[in-house]
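Please look over the model below before reading on. The report then takes up its helix packing and its sheets in turn.

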Amino acid sequence: MEEEMSNPRPLQEEAYDMSGARLALTLCVTKAREGSEADLDALERMFRQLRFKSTMKRDPTAQQFQEELEKFQQAIDTWEDPVSCAFVVLMAHGEEGFLEGEDGEMVKLENLFEVLNNKNCRALRAKPKVYIIQACRGEQRDPGETVGGDVIVMITNGKPHTIPTYTDALHVYSTVEGYISYRHDQNGSCFIQTLVDVFTERKGPILELLTEVTRRMAEAEVLQEGKQRKVNPEILSTLRKQLYLQ
């Protein structure tokens with residue numbers, strides 16, 4: 001006689017407390033990156049709507065990328081009120097694991113990420129840290145693969161006493177490892193513009209919102225040098241709870 005299987009229990013949803021301060025830092029190299037101002041304008045609108053106190057710095061050198069992150073960490077740790085969440089947006093030319101500063105020197109992404117981890121930023125310990133990276137991660141280009149007859153639509157616009165060092169972080173890259181990232185010289189990048197549209201128009205857990213960003217970007221065609229290309233973001237998460245921005 002077969003033993004009856006018990007029904008699986010649904011996951012109990014737990015969300016991050018977002019009642020405290022929301023802080024954002026955007027570091028953007030605009031030199032030789034036409035369209036960057038459109039992305040900065042979109043991000044400013046998004047952070048305003050989502051009630052983030054936002055700071056934007058243009059054209060940092062490689063060293064200043066590191067210095068500005070460290071200043072941000074110090075500001076967070078000395079913030080008068082509790083801090084609930086931090087966003088860091090990094091936009092520059094790049095290659096896998098590195099960003100290029102305004103001075104042409106490279107800065108290692110891992111060094112930037114470490115500044116706000118649970119070990120180095122006490123005020124953000126067990127709090128969500130979201131990194132948005134708009135940069136190339138290599139030289140490969142994706143021409144796309146045909147799937148069925150789908151129409152392609154253009155996009156115009158019990159509490160532990162300790163926690164691991166690297167939890168509560170979300171890294172969102174504009175493209176997958178080894179591939180280039182695209183940016184229009186007037187309208188900005190498909191990634192930033194799509195992310196802002198979804199984050200300001202939709203409500204839900206951030207990972208669900210990012211799934212919608214990926215869906216929209218996957219349906220888009222990017223025209224580069226007369227050839228159609230495909231691009232999609234890559235999302236790496238160590239979040240322990242649901243993160244709601246609205």
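## Helices and sheets

Helix 4 and helix 5 cross in a right-handed sense, where right-handed means that the near helix is turned clockwise from the far one by less than a right angle, and left-handed that it is turned anticlockwise. The model is a predicted one, in which local features need pLDDT of at least 70 and side-chain atom pairs count only at pLDDT 80 or more, while totals for chains, interfaces and linings use all residues. Residues are numbered from 1 along each chain as its sequence is written, and side-chain values use heavy atoms, with hydrogens and water left out.

Helix 4 covers residues 190–201 and helix 5 covers residues 206–219, both being DSSP runs numbered from the N terminus (H or I and at least four residues for helices, E and at least two for strands). The two pack at an angle of about 135°, with their axes 9 Å apart; the angles run from 0 to 180 degrees between N-to-C directions, and the axes are lines fitted to C-alpha atoms, for helices over the stretch in contact. Helix 4 and helix 5 are therefore oblique to each other, the class left after roughly parallel (under 35 degrees), roughly antiparallel (over 145) and roughly perpendicular (65 to 115). On the side of helix 4, the residues in contact (heavy atoms within 4.5 Å) include Cys-190, Phe-191, Thr-194 and Leu-195, and on the side of helix 5 they include Ile-206, Leu-209, Leu-210 and Arg-216.

Helix 4 also packs with helix 1, which spans residues 36–49, and here the angle makes the two helices roughly parallel to each other. The table sets out the two helix pairs.

| Helix pair | Angle | Axis distance | Crossing |
|---|---|---|---|
| Helix 4 and helix 5 | about 135° | 9 Å apart | right-handed |
| Helix 1 and helix 4 | roughly 15° | within 9 Å | left-handed |

Turning to the sheets, six strands form an open sheet in the order 2-1-3-7-9-13 with mixed pairing, two strands counting as paired if DSSP finds at least two bridges between them. Strand 2 (53–58) and strand 13 (234–237) stand at the edges with a single partner strand each, so that one side of each is left without a neighbour in the sheet. On average, and with direction ignored, neighbouring strands of this sheet are turned by 10° against each other. Within the sheet, strand 1 (residues 21–28) and strand 3 run parallel and are joined by eight bridges, and Leu-23 stands opposite Ala-86 in strand 3. Helix 4 packs on this sheet as well, touching strand 3, strand 7 (129–134) and strand 9 (169–173), and its direction makes about 145° with that of strand 7.

A further open sheet has three strands in the order 4-5-6, paired in the antiparallel sense. Its edges are strand 4 (94–95) and strand 6 (106–108), each of which has a single partner strand, so one side of each is left without a neighbour in the sheet. Strand 4 pairs with strand 5 (residues 98–100) over two bridges, and Gly-94 stands opposite Leu-99 in strand 5. Helix 2 (residues 62–77) lies across strand 5 and strand 6, and runs at about 35° to strand 6.
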